Amino acid sequence: MKTFYVTTPIYYVNSLPHLGHLYTMIVADAVARRKRQRGIETFFLTGTDEHGIAIERAAERNNRTPKEQADYVVSYYKKMTDAFGLDTAHGGYDIFMRTTEPFHYAGVSEFWRRVAIAKTPKGRNALYKGHYEGWFCAACAAYKTEDEYAKAATPEEAPTCLVHETTLDRISEESYFFRLSDYDEALLSLYESRPDFVQPEARRNEVLSFVRGGLQDLSVSRMNTSVSWGIPVPNDPKHTMYVWFDAVTNYITAIGFGNEQQQRAVGFEKFWPALHLVGKDILRFHAVYWPAFLMAAGVEQPRAIVAHGMWLDPAGRKMSKTLGNTVELDVLNKYFSIDAIRYFCLREMVFGQDGRFGYEALIDRSNSDLASGLGNLSSRTLTMIQRYCEGQVPSASISEEARLSAKRAGVDSDAAALASFIEHARDEFIHHFDNFSFSRALEEAWAIVARVDKMISDAKPWDLAKDERQKQTLNAVLYRSAEALRWLCVLLYPVMPNAASGIYQQLGLKAGLSQLDPAQLKWGELPEGTEIEEIKALFPRIDKAKTMEEIRDQRSEVRGQVSEAAETLSSGRVQSSPRHASEAEAITGIADYIDITDFAKVELRVGQVLTAERIPKADKLLLITVDIGEEKPRQIVAGIAQYYEPEKLIGRKIVVVANLKPRKLRGYESQGMLLAASVGEEGKPVIATFAEDVPNGARLK
Ligand code: MSP
């Protein structure tokens with residue numbers, strides 16, 4: 001039996017995930033579902049990269065051990081993959097790989113041992129001990145050459161990383177080196193002999209020119225006195241393996257390389273080689289270092305390395321934690337269906353290139369392509385079958401005698417032209433999808449939607465229904481649109497598993513959609529007489545103005561308080577405390593600065609807490625009343641229950657945003673917002689207060 005193995009990168013556990021991380025998983029999930037449709041036994045890996053200095057530091061900042069830090073972020077990932085239907089229970093990944101698994105330690109150690117005794121293609125030792133002197137970015141987990149950092153103003157200061165804009169670490173210590181410089185020709189001939197090894201073409205060219213530019217040996221260990229959170233070098237535990245050496249190897253240890261446990265559970269020979277999906281930011285590690293390590297260890301090369309572009313904010317900057325312009329998963333999860341997000345990600349980003357993410361664009365696409373497009377086609381077809389054909393898929397055929405009437409109504413007496421249009425679109429869809437051109441593939445699917453919509457509008461079934469002589473014409477039109485819908489379900493299942501299954505089921509079809517190969521579809525196989533099921537709207541229209549306003553409110557609310565939505569997705573906090581003033585720009589595209597008149601619009605007043613109580617079934621929320629010098633106290637819902645005992649708040653002076661539009665949270669009206677600092681990774685709220693005595697109602701300016 002044919003098998004297929006697809007991987008996402010494994011994600012760092014120093015911070016919580018955002019849309020960028022979700023995106024690679026969505027792509028991998030769609031690819032895996034498409035393979036499974038074809039009956040190919042597929043193994044889909046995602047997971048976390050848990051070692052290294054950046055994780056050690058994040059743990060320290062959060063008062064956790066590195067393992068606790070990893071467990072915390074992993075539990076968030078698991079909730080996210082569940083909420084977005086990407087986990088095993090929803091037909092998504094097969095393994096959530098963690099590099100802290102003992103089997104991984106065993107596998108990586110074996111891999112190291114193999115590299116340690118290997119000769120390079122030029123006959124020298126692949127691994128040697130030396131001394132490393134240079135700059136290192138903890139956030140990239142990468143050594144930086146002069147063209148990869150910005151020099152500091154004075155020689156005493158450290159340079160900064162061009163990607164993260166953070167200070168680099170100076171390293172000067174004994175280190176193991178991998179003799180990468182001996183692998184340039186071997187790598188170039190690999191790229192030459194396998195033009196599809198790195199995709200897309202533009203990315204392949206980048207890799208080629210990097211390797212042609214000459215390769216330097218790579219430091220692959222750190223003294224454990226500098227980095228202890230990692231895997232010790234076999235037979236030399238004073239050294240910790242370089243985190244990327246440990247990380248890339250996960251792709252083979254997960255399926256059994258160098259360890260019995262996974263070998264039995266999955267099987268290395270069964271699934272290797274893999275197709276690696278990565279962001280273009282980490283292409284070099286996958287397309288240069290990893291293949292060279294594999295050559296040294298004598299392990300077969302991956303099937304391919306396929307790199308996608310980055311999600312940018314509407315202002316065109318890369319979405320990242322450091323910039324604080326990420327798209328938060330709790331907001332996405334609250335306002336949009338999983339399918340709408342998957343569709344948008346695959347339709348909007350031209351694979352391999354960068355794409356901009358904006359909530360407005362997501363709402364527009366949801367409304368036009370999904371609600372008015374596919375959703376409308378499906379509901380009008382099904383409703384007409386319900387109304388005109390007693391809820392049963394009608395007959396497709398137009399008899400000899402009825403042909404003239406059909407012709408008069410502008411309807412072809414057979415479906416050949418429509419069928420061949422749809423077959424062609426199906427072939428194109430498959431071609432583009434299998435070449436990672438998801439956007440082009442979806443254009444083809446929507447060409448089908450448009451064509452069938454036009455057929456319906458031209459034929460006007462509602463008029464045909466008034467004329468008994470046009471019964472066959474009416475039936476044929478409705479059969480054709482139902483059959484087209486069936487095809488669309490099969491095509492779109494990997495992209496929108498829930499909606500496709502929903503429409504399929506409403507069409508009265510039962511056979512496992514997840515196992516139907518669109519290449520095998522034959523026009524006319526939708527059985528006549530199939531009883532359609534209850535019709536449900538799958539893509540409700542989104543009220544753009546209202547939703548945008550709510551999203552803005554929510555995003556500003558989470559600056560100082562725990563977001564209510566975080567509760568729906570996680571018991572921990574979703575990344576929700578932007579550390580950069582320009583987050584608003586990410587939503588609105590408006591520049592960073594406000595002037596004093598903008599600030600004056602915000603009415604900040606001193607208040608005193610009169611009462612405070614927990615809100616039943618909302619473990620993060622407190623209901624408080626506050627005297628802000630008005631006739632009546634204000635009622636405020638605050639997301640601080642996990643950090644403040646209600647009794648201890650009574651009598652406290654706080655700062656209240658007094659002119660915030662009231663809104664309901666868990667059924668309670670919140671008439672303002674209290675200010676709190678957001679501290680640490682989890683955004684622990686710390687209430688703003690005063691050292692001196694201030695009267696209630698005093699205005700902050
Ligand atoms: N741990 C390494 C990968 C090791 S793989 C053996 C790492 N982790 S990461 O968490 O920083 O990012 C992993 C991946 O997340 C990126 O390569 C990319 O696939 C995805 N993305 C992170 N930010 C992204 C965007 N803004 N846009 C699209 N994808 C992004 O690197």
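A residue is called buried under 20% relative accessible area, exposed over 50%, and partly exposed in between, with a 1.4 Å probe and protein chains only. By that scale N63, at 75% relative accessibility, counts as exposed. The model is predicted, so local features need pLDDT of at least 70 and side-chain atom pairs count only at pLDDT 80 or more, whereas totals for chains, interfaces and linings use all residues. Residues are numbered from 1 along each chain as its sequence is written, and side-chain values use heavy atoms, with hydrogens and water left out.

- The ligand is surrounded by 22 residues, where a residue is near a molecule or strand if one of its heavy atoms lies within 4 Å of it.
- The closest of these residues are I10, T24, D49, D281 and W311.
- By class, the shell around the ligand holds twelve nonpolar, eight polar and two charged residues; Ala, Val, Leu, Ile, Met, Phe, Trp, Tyr, Cys and Pro count as nonpolar, Asp, Glu, Lys and Arg as charged, and the others, Gly among them, as polar.
- A polar contact is a pair of N or O atoms within 3.5 Å; within protein, one must be able to donate a hydrogen and the other to accept it, and residues adjacent in sequence count only if both atoms are side-chain atoms.
- An oxygen atom of the ligand lies 3.2 Å from a polar backbone atom of G279, and an oxygen atom of the ligand is 3.4 Å from an N or O atom in the side chain of H308.
- A nitrogen atom of the ligand is 3.1 Å from a backbone N or O atom of M319.
- The protein buries 94% of the 660 Å² that the ligand exposes when taken alone; accessible areas come from the Shrake-Rupley method with a 1.4 Å probe, and for residues only the protein chains shown count as cover.
- Two or more residues of the shell come from each of β1 (3–12), α1 (19–37) and α7 (243–248); helices (H or I, at least four residues) and strands (E, at least two) are DSSP runs, numbered from the N terminus.
- Strand β1 gives the largest share of the shell, four residues.

**Aromatic pairs**

- Across the whole structure, a search finds 39 aromatic pairs; rings of Phe, Tyr and Trp (its six-membered ring) pair if their centres lie within 6.5 Å, and planes under 30 degrees apart count as stacked, over 60 as edge-to-face and the rest as tilted.
- F111 and W290 form a tilted pair, with 5.8 Å from centre to centre and 45° between the planes.
- This pair ties together parts that are 179 residues apart in sequence, because F111 lies in helix α4 (residues 102–116) and W290 in helix α11 (residues 283–297).
- F111 and W290 are both buried.
- The pair of F436 and F438 is edge-to-face, because the ring centres are 6.2 Å apart and the planes stand at 85°.
- F436 is buried at a relative accessible area of 9%, and F438 is buried at 2% relative accessibility.

**Charges over rings**

- A charge sits over a ring if NZ of Lys or CZ of Arg is within 6 Å of the ring centre and within 35 degrees of the ring normal.
- R64 lies over the face of Y72 at 4.1 Å from the ring centre, and R222 lies over the face of F136 at 5.2 Å from the ring centre.

**Backbone geometry**

- Most residues other than glycine have a negative phi, and most peptide bonds are trans.
- N63, which is not a glycine, has a positive phi of about 55°, and this residue is found in the loop between α2 (53–61) and α3 (66–83).
- F436 also has a positive phi, near 65°, and is found in the loop between α16 (416–434) and α17 (438–459).
- Q199 and P200 are joined by a cis peptide bond with omega of about -10°; P200 is in the loop between β9 (198–199) and α6 (201–212).
- W272 and P273 are joined by a cis peptide bond with omega of about 10°; P273 is in the loop between α10 (268–271) and β14 (275–279).

**Individual residues**

- D169 is found in strand β8 (residues 169–178) and counts as buried at 19% relative accessibility.
- The side chains of D169 and R57 are joined by a polar contact of 2.8 Å.
- R552 is found in helix α21 (residues 544–560) and counts as partly exposed at 35% relative accessibility.
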